[in-house]
Amino acid sequence: MASSMHPSSPCFSLQSLPSNGSVSKSRTTSIFLRLGSPTAISLRSLIASRGSDRIGIGGENAGRMRSKVLAVSTQVMDESVSKATISKVPTIVKVDLGDRSYPIYIGSGLLNQPDLLQRHVHGKSVLVVTNTTIAPLYLDKVVVALTRDNPKVSVESVILPDGEQYKDMDTLMKVFDKAIESRLDRRSTFVALGGGVIGDMCGFAAATFLRGVNFIQIPTTVMAQVDSSVGGKTGINHRLGKNLIGSFYQPQCVLVDTDTLNTLPDRELASGFAEVIKYGLIRDAEFFEWQEKNMHLLMARDPSALAYAIKRSCENKAEVVSLDEKESGLRATLNLGHTFGHAVETGVGYGQWLHGEAVAAGMVMAVDLSHRLGWIDESLVRRVDSILKQAKLPTAPPESMTVEMFKSVMAVDKKVADGLLRLILLRGPLGNCVFTGDYDRLALDETLQAFCKS
Ligand SMILES: NC(=O)c1ccc[n+]([C@@H]2O[C@H](COP(=O)([O-])OP(=O)(O)OC[C@H]3O[C@@H](n4cnc5c(N)ncnc54)[C@H](O)[C@@H]3O)[C@@H](O)[C@H]2O)c1
Ligand SMILES: [Zn+2]
């Protein structure tokens, strides 16, 4: 969608239209895109609950850019957190990408429901890709889920070393070695069992083995369940930079068994919440307000609160991905805080700060800059600080970071276009953001100076 936006496009807005002539009582979606400046995209989406709405665009692009938001779930969850989400019936969020659409199943005990996985395995062979930490915890369970009452399917597994430092070409080759040794063919299915590292690597292996085989995601961290397993970005790191080699490759399904979070270390849990908070800030005010009331439940791993946060996060990500799969513009808004955060990850060395921790500090800096520019109220600055503290996430970068370290990493950010650094900043009431290169550079300097000692 955003690919058809041209710098000279007029301002236009997207608003929900009733799909059958009547306004849906249960759901309101409104998205405003303003292209007053070449690089600015302002997005607002309010999702009250379920249903699917048509969105239309005013202005001269109206017909061409008509689209449909279909990131909907089959169960409704309001602020009271219904018991339905923790029942054995999965909540299903659909990622709408035409003939590459797929479901995200979310719920407790889903690995005990073999049919959910088996319906997405088409050939006779499956390769489960996992790591040394997750294999002892969940590999047997996944193998049983794939093979129970299903004698036709044979399952192989490859257990990789654990860690971001192994998200590389050498480790990827181990997946191909196993696939070739096992004589897997084009109809085989690769299953990623693990966090974002395994998901990204297995997805890239599936995208390239025999030019593409079926792929299923079973994410086991909050980070992977709310973000990395959805949307089809796959890849590995190069020694000169993170995620530089990869492809867009969508899975057949994503199966989120919330029970797997029971074994996740506290720090990893909180790191994932940074992305959950991000969705509220950039496009879902109601979800942010829910988090303000329920963060203590999330931190206590309350199963129904977790299931709700995952569902709502996946709905938000699915909507954005459906509208802008290849990141022409809108999808970039999912990177709130990531430009500053990436500088922190690079500055302190990968693995020192978890991704979500760096993003949390980065979001505080983006919010500070938004406030300096006069784009948001001070009350929002305080609310962001408070919710991150509740989630035990950092609210400032490490003291070792200097203004120069930020500037040098930010200068090579993927969002630099024609030498201009574009940032995702908040603008307007809670739930609104812009992706823009049109901001006062002095304000950015002030933000960097405010958070760095030198
Ligand atoms: N593709 C995308 O859109 C996208 C989005 C965000 C992040 N990512 C990528 O995801 C990666 C980070 O993902 P992550 O935060 O999940 O890290 P991770 O995959 O390294 O997992 C974190 C740690 O938790 C362990 N673990 C995983 N599940 C567990 C469980 N249920 N119980 C106990 N331990 C468990 C892992 O073995 C690992 O040690 C990065 O490489 C990042 O680039 C990709
Ligand atoms: Zn992220």
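The side chains of T133 and D162 are joined by a polar contact of 2.5 Å; a polar contact is a pair of N or O atoms within 3.5 Å, and within protein one must be able to donate a hydrogen and the other to accept it, while residues adjacent in sequence count only if both atoms are side-chain atoms. Keep in mind that this is a predicted model, where local features need pLDDT of at least 70 and side-chain atom pairs count only at pLDDT 80 or more, while totals for chains, interfaces and linings use all residues. Residues are numbered from 1 along each chain as its sequence is written, chains are lettered from A and ligands numbered from 1 in the order in which they are written, and side-chain values use heavy atoms, with hydrogens and water left out.

**Around T133**

- You'll find T133 in the loop between β8 (125–131) and α2; helices (H or I, at least four residues) and strands (E, at least two) are DSSP runs, numbered from the N terminus.
- T133 counts as partly exposed because its relative accessibility is 42%; buried means under 20% relative accessible area, exposed over 50%, and partly exposed in between (1.4 Å probe, protein chains only).
- T133 and I159 sit 26 residues apart in sequence, with 9.1 Å between their C-alpha atoms in space.

**Ligand 1 and its shell**

- Ligand 1 is surrounded by 26 residues, and the closest are D162, E164, T220, T221 and T263; to be near a molecule or strand, a residue needs a heavy atom within 4 Å of it.
- By class, this shell has seven nonpolar, ten polar and nine charged residues; Ala, Val, Leu, Ile, Met, Phe, Trp, Tyr, Cys and Pro count as nonpolar, Asp, Glu, Lys and Arg as charged, and the others, Gly among them, as polar.
- Four elements each supply at least two residues of the shell: α2 (135–147), α4 (196–208), α5 (222–228) and β13 (241–248).
- A polar side-chain atom of D200 is 3.0 Å from a nitrogen atom of ligand 1, and a polar backbone atom of V197 is 3.0 Å from an oxygen atom of the ligand.
- A backbone N or O atom of T260 is 2.9 Å from a nitrogen atom of ligand 1.
- Taken alone, ligand 1 exposes 860 Å², and the protein buries 88% of that; accessible areas come from the Shrake-Rupley method with a 1.4 Å probe, and for residues only the protein chains shown count as cover.

**Helix α2**

- The 13 residues of α2 should span 18 Å at 1.5 Å a residue, which agrees with the 17 Å between its end C-alpha atoms; the expected span is 1.5 Å times one less than the number of residues.
- Its buried residues are A135, Y138, L139, V142, A145 and L146.
- Seen down the axis of α2, those buried residues fall within an arc of 130°, so they line one face of the helix; the arc is that of the directions from the helix axis to the C-beta atoms.
- P136 and D140 are exposed on the other side of α2.

**Helix α4 and what follows**

- Eleven of the 13 residues of α4 are buried, so this helix is largely enclosed by the rest of the structure.
- Among those buried residues are D200, M201 and F204.
- L210 follows α4 and lies in the loop between α4 and β11 (214–219).
- L210 has a positive phi of about 50° although it is not a glycine.
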